[in-house]
Amino acid sequence: PWTIGLLTVATVLAFGIGSLFGALISWPGMTRLVHIFVPILMTFAAIPYYLLGVWLIFLFGIFWPILPAGGALAYNVTLAFTWEAIVSIIRHGILPAASLVLAGIGFWALGMRGMMITTMGEDYMKLAEYKGLSPRRIFLWYGVRNAVLPQLTALAISVAFIFSGAVLVETVFAYPGIGSLLFRAIQLNDYLLMQGILMFAVLAIGVALLAIDLINPLIDPRISHGARTED
């Protein structure tokens with residue numbers, strides 16, 4: 001549950017913020033302030049998860065100690081459904097989640113930027129503009145909705161890379177998830193435990209791909225319409 005919670009929150013935030021920001025970068029009429037973040041995003045995308053984690057520990061755990069530098073729960077807090085425990089879990093999860101989010105935002109933003117540039121050249125985008133639709137509607141329902149489809153497929157495939165990155169992140173932050181468990185299994189040469197964890201990772205990727213296949217027709221009706229036409 002620790003790994004599922006950490007990866008779910010970090011992946012959703014990185015995908016959502018990165019895709020939206022990438023769409024805004026490519027949209028005509030955006031302010032130059034938005035384009036300033038492009039080199040920053042490219043820099044973060046090139047930095048591994050664990051190095052960002054080490055930097056975050058130094059900045060916000062040692063130099064400016066406002067967040068816990070490791071663990072998942074304070075030693076004097078009991079794991080229970082209480083406000084104190086929830087706040088402690090959130091505080092301990094901010095830094096490891098931030099390392100995953102910062103490294104992922106640039107990747108998703110650059111990918112979405114390329115898809116939006118391709119989408120803006122399509123005929124249906126020009127038709128929507130000629131019909132006098134509002135720029136916000138064109139941006140969300142005609143641009144982002146079509147450009148995000150390849151991003152969703154990449155999201156399911158990237159589950160494996162996120163899981164592998166979380167192994168080092170959880171080790172750096174001493175986070176009690178599957179990643180730290182796999183690290184201890186490697187240290188102890190526990191091959192059965194390693195096989196079980198890797199099987200769980202493969203199962204998670206398969207479930208993610210199945211979920212994307214079920215979600216895609218809801219976002220793009222052309223997919224289900226094409227299947228009915230072939231039948």
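**Briefing: an all-helix predicted model**

A nonpolar patch on the surface is formed by Tyr50, Leu51, Val54, Trp55, Leu168 and Val172, which together have about 500 Å² of accessible area. This is a predicted model, in which local features need pLDDT of at least 70 and side-chain atom pairs count only at pLDDT 80 or more, while totals for chains, interfaces and linings use all residues. Residues are numbered from 1 along each chain as its sequence is written, and side-chain values use heavy atoms, with hydrogens and water left out.

**Overall architecture**

- The protein has ten helices and zero strands; helices (H or I, at least four residues) and strands (E, at least two) are DSSP runs, numbered from the N terminus.
- The C-alpha trace spans about 60 × 50 × 35 Å along its principal axes.
- Of the 231 residues, 37% are buried, where buried means under 20% relative accessible area, exposed means over 50%, and partly exposed lies in between (1.4 Å probe, protein chains only).
- Among contacts (heavy atoms within 4.5 Å) with a separation of 6 or more, 70% are between residues 24 or more positions apart.
- The accessible surface comes to about 13,900 Å², and 73% of this belongs to carbon and sulfur atoms; accessible areas come from the Shrake-Rupley method with a 1.4 Å probe, and for residues only the protein chains shown count as cover.

**The surface patch**

- Patches are made of residues with over 30% relative accessible area and no salt bridge; like charges are joined within 9 Å, and nonpolar side chains (Val, Leu, Ile, Met, Phe, Trp, Tyr) within 5 Å.
- A salt bridge is a side-chain nitrogen of Lys or Arg within 4 Å of a carboxyl oxygen of Asp or Glu.
- Helices α3 (49-63) and α7 (159-172) each supply at least two residues of the nonpolar patch, and the largest share, four residues, comes from α3.
- Val54 lies in helix α3 and counts as partly exposed because its relative accessibility is 41%.

**The nonpolar cores**

- A nonpolar core is a set of buried Ala, Val, Leu, Ile, Met, Phe, Trp, Tyr and Cys residues joined through side-chain atoms within 4.5 Å.
- The largest nonpolar core has 41 residues, of which Met112 and Met116 touch the most other members.
- Two or more residues of this core come from each of α1, α2 (32-46), α3, α4 (83-119), α5 (123-130), α6 (135-157), α7 and α9 (191-219).
- Helix α4 gives the most to this core, with nine residues.
- A second, separate core of six residues includes Val167, Leu182, Ala185 and Met194.
- Apart from its neighbours within four places in sequence, Met116 is in contact with Ala23, Ser26, Trp27, Phe139, Gly143, Val144 and Ala147.

**A buried serine**

- Ser19 is located in helix α1 (residues 2-26) and counts as buried because its relative accessible area is 7%.
- The side chain of Ser19 reaches the backbone oxygen of Phe15 at 2.8 Å.
- Beyond its neighbours within four places in sequence, Ser19 is in contact with Ala14, Trp108, Met112 and Gln151.

**Positive phi angles in loops**

- Most residues other than glycine have a negative phi.
- Ala174, which is not a glycine, has a positive phi of about 55 degrees.
- Ala174 lies in the loop between α7 and α8 (178-187) and counts as exposed because its relative accessibility is 53%.
- Asn189 also has a positive phi, near 55 degrees, and is placed in the loop between α8 and α9.

Technical notes. Polar contact = N/O pair within 3.5 Å; in protein donor to acceptor, adjacent residues only side chain to side chain.
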